[in-house]
Amino acid sequence: MSTNLEKLRSQYEDRFPKLEQGAKVLQNQIEELFKGDQRIDFISARAKGIESFLGKAGKAKYKYPLGDIQDQIGVRIVVKYKSELVHVRDAILDEFSEIEDVDKEDKDHTLFGYAGIHLICFLPEDIRGSTGCEVKFFEMQLFTIFQHAWAEANHDLGYKSDSELDFETNKLIHFTAAQAWGADKIFDELWIKKKNSKEGS
Amino acid sequence: VPDNWELDFSAAYLVKPSRIEGRPGLTGKVKGSKLNVSEAVLKSFLLSLHSEKKKTLPTEVIFIHEAGKEQNNEVRELFRKVAFFPVTEKRSASRKLAKRLALSTDGRSGSCLFVILSGKKEGVTRVSCWRFPADTPLEAKILEGDIKIKLLEDAYAINSPNFKAAIFEGDQSRSGFWDGRIEDKSAYKDEVSQYWRTKFLDCRIKPTESSGSRMLISAVKECYNSNDLSLEQKDNLMEAVDDLISEEQTEVDFDLFATEHITDDTSRDKFVKYLRAKSPLTNTLPIKAEYLERDLGVKTIHLDNKIKISAPAENFDELVNVTEGENGAVQITISGRIVDTKLKKK
């Protein structure tokens with residue numbers, strides 16, 4: 001192992017318990033924000049694992065990994081229906097200041113794959129102060145249930161696959177993404193129909 | 001003299017307002033250059049401003065990112081160039097910032113001197129900039145293309161300089177130089193001077209109105225629910241919050257709020273301590289009437305004849321019965337016993 005990587009490992013290992021503590025406090029804060037909100041399926045927060053951090057740090061684009069990698073604390077909020085994603089995002093942006101707000105769904109109508117909303121927000125100063133977390137930002141991913149399921153299933157098979165995927169495997173993975181997109185679309189339409197009929201009655 | 005900041009770049013420009021409706025582009029050339037601050041008095045004056053504790057600049061700001069795109073802000077890039085790039089690029093970026101200031105300023109603001117410094121201390125790089133108006137303690141002249149600045153011997157102007165300032169700092173990583181602090185020491189802090197934060201720096205205030213309102217109300221509730229306050233003191237506290245709502249205040253200095261509205265020493269200290277832990281870098285919280293009401297759990301209706309009715313949100317509809325009449329007028333019935341009546345001074 002190179003000296004630089006050893007040094008980085010030791011720095012991140014020192015930081016890790018504080019990140020875990022920060023993630024826990026942040027999760028409580030966000031759960032409090034959405035207390036009793038029926039749109040939310042679940043909220044979870046985590047500190048990025050040490051091996052996962054070092055793996056990412058090895059990429060050329062991260063010249064200063066401790067500052068460049070902004071998902072050292074990551075939060076995931078999963079909502080039941082797709083049209084609620086934007087409302088949940090707005091509620092988050094009411095509360096946290098952000099420097100990035102990107103809808104990851106492919107803009108090319110012929111493509112299906114990873115989808116969801118990614119935000120990079122400032123970690124609140126009170127959390128930094130009380131936990132000693134040295135990171136400035138955390139990443140928030142907003143998914144529907146189907147987007148979450150696809151991203152989880154694809155994580156090791158596709159996204160972080162050890163070898164290059166053949167044509168058919170790729171095709172199958174994108175086919176499942178299209179199905180997840182379709183399931184979201186249908187459930188959202190049914191949800192809106194139910195909401196409208198309730199309001200009308 | 002603060003000497004622990006190692007100054008590595010300074011530049012100054014004479015800036016004429018150039019924001020004229022329907023006329024894009026600069027009206028005149030931005031004159032100025034890299035600055036040689038060899039004169040001890042001037043160096044001491046600028047370095048003491050550069051070295052000010054961040055907290056003395058009251059407003060926390062962040063650069064506004066481009067919507068829907070990965071993290072990017074043009075002004076932040078210019079500040080990062082001044083901080084980390086070779087001197088030719090530092091010079092070019094500082095001139096671009098001076099031009100941007102000219103294009104952000106309209107005739108109401110007058111000509112000014114724009115000064116920018118970059119310095120390092122303990123692994124942190126800080127870039128500070130100021131806009132000094134005509135009655136500045138600094139006198140600037142262009143001699144053979146280079147700018148020369150002299151500190152005027154006007155003790156009042158030196159001790160109470162009238163300027164706008166901004167400080168950004170960080171390291172070279174993606175996470176650096178996103179937030180900073182600004183100050184406006186000019187006489188008029190109205191919308192005319194908003195250009196410093198919005199048009200020139202392309203920044204917005206860092207804490208959100210929702211989080212500021214939430215922090216304030218949770219501190220008020222803690223204070224209200226403690227046994228330290230008398231009934232009258234509790235009333236005064238709630239009236240102060242009510243005033244913030246009805247006057248539609250957009251920010252509150254919680255230190256000042258506590259001094260003015262919490263007379264009990266223990267409660268005041270607890271209130272300030274609570275909020276200082278939540279917001280360690282600033283006493284000023286952005287707030288919004290709508291969010292204050294939400295967090296207070298109060299619903300209010302305002303009528304066009306200045307009558308206002310507030311009640312706990314959870315049973316507002318049970319307590320306040322509204323019947324629609326003709327031409328949009330309403331009749332309101334409230335049931336209950338009067339337990340107190342107060343005449344509030346205007």
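At what angle do helix α7 (residues 231–246) of chain B and helix α10 (residues 289–296) of chain B pack? The angle is about 145 degrees, and the axes of the two helices lie 8 Å apart. Please keep in mind that this is a predicted model.

**Chain B as a whole**
- Chain B has eleven helices and 16 strands.
- Its C-alpha atoms fill a box of roughly 80 × 50 × 45 Å along the principal axes.
- Chain B has 346 residues, and 43% of them count as buried.
- Among contacts in chain B with a separation of 6 or more, 66% join residues 24 or more positions apart.

**The α7–α10 helix pair of chain B**
- From α7(B), the contact draws on B:Met238, B:Val241, B:Leu244 and B:Ile245.
- From α10(B), the partners are B:Ala289, B:Leu292, B:Glu293 and B:Leu296.
- By class, the residues in this contact are seven nonpolar, no polar and one charged.

**Where chain B meets chain A**
- The contact involves 24 residues of chain B and 23 residues of chain A.
- About 2,100 Å² is buried between the two chains, and carbon and sulfur atoms give 46% of that area.
- Six salt bridges are found across this interface.
- A:Lys104 forms a salt bridge with B:Glu70, with the closest N and O atoms 3.5 Å apart.
- A:Lys104 counts as partly exposed because its relative accessibility is 28%, and B:Glu70 is also partly exposed, at 43%.

**Salt bridges**
- Over all chains, the structure holds 34 salt bridges.
- In chain A, the side chains of A:Glu51 and A:Arg9 meet in a salt bridge with an N to O distance of 2.9 Å.
- A:Glu51 sits in helix α2 (residues 50–57) of chain A and A:Arg9 in helix α1 (residues 3–33) of chain A, so this pair ties together parts that are 42 residues apart in sequence.
- A:Glu51 is exposed, with a relative accessible area of 52%.
- In chain B, B:Asp8 forms a salt bridge with B:Lys120, and their closest N and O atoms are 2.8 Å apart.
- B:Asp8 belongs to strand β1 (residues 6–15) of chain B and B:Lys120 to strand β4 (residues 112–121) of chain B, so the bridge ties together parts 112 residues apart in sequence.
- B:Asp8 is partly exposed at 30%, and B:Lys120 counts as partly exposed at 32%.
- A network of salt bridges links A:Glu125, A:Arg128, A:Lys136, B:Glu60, B:Asp179 and B:Lys206.

**Cysteines**
- A search of the whole structure finds zero disulfides over all chains.
- A:Cys121 counts as buried, at 0% relative accessibility.
- B:Cys112 is in no disulfide either, and the nearest cysteine sulfur, that of B:Cys129, is 11 Å away.
- B:Cys112 is buried, with a relative accessible area of 7%.

**A closer look at A:Ile40**
- A:Ile40 is found in strand β1 (residues 40–47) of chain A and counts as buried, at 12% relative accessibility.
- Leaving aside neighbours within four places in sequence, A:Ile40 is in contact with A:Phe34, A:Ile77, A:Val78, A:Val79, A:Lys80 and A:Val88.
- A:Ile40 and A:Ile73 are 33 residues apart in sequence, and their C-alpha atoms are 20 Å apart in space.

Note on methods. Residues numbered from 1 in each chain as written. Chains lettered and ligands numbered in written order. Predicted model: local features only at pLDDT ≥ 70, side-chain atom pairs only at ≥ 80, totals over all residues. Heavy atoms only, no water. Axes fitted to C-alpha atoms, helices over the stretch in contact; angles between N-to-C directions. Helix = DSSP H or I, 4+ residues; strand = E, 2+ residues; numbered from the N terminus. Contact = heavy atoms within 4.5 Å. Nonpolar A, V, L, I, M, F, W, Y, C, P; charged D, E, K, R; others polar. Disulfide = S-S within 2.5 Å. Buried < 20%, exposed > 50% of the residue type's maximum accessible area, 1.4 Å probe, protein only. Buried area = accessible area lost by both parts, 1.4 Å probe. Salt bridge = Lys/Arg side-chain N within 4 Å of Asp/Glu carboxyl O.
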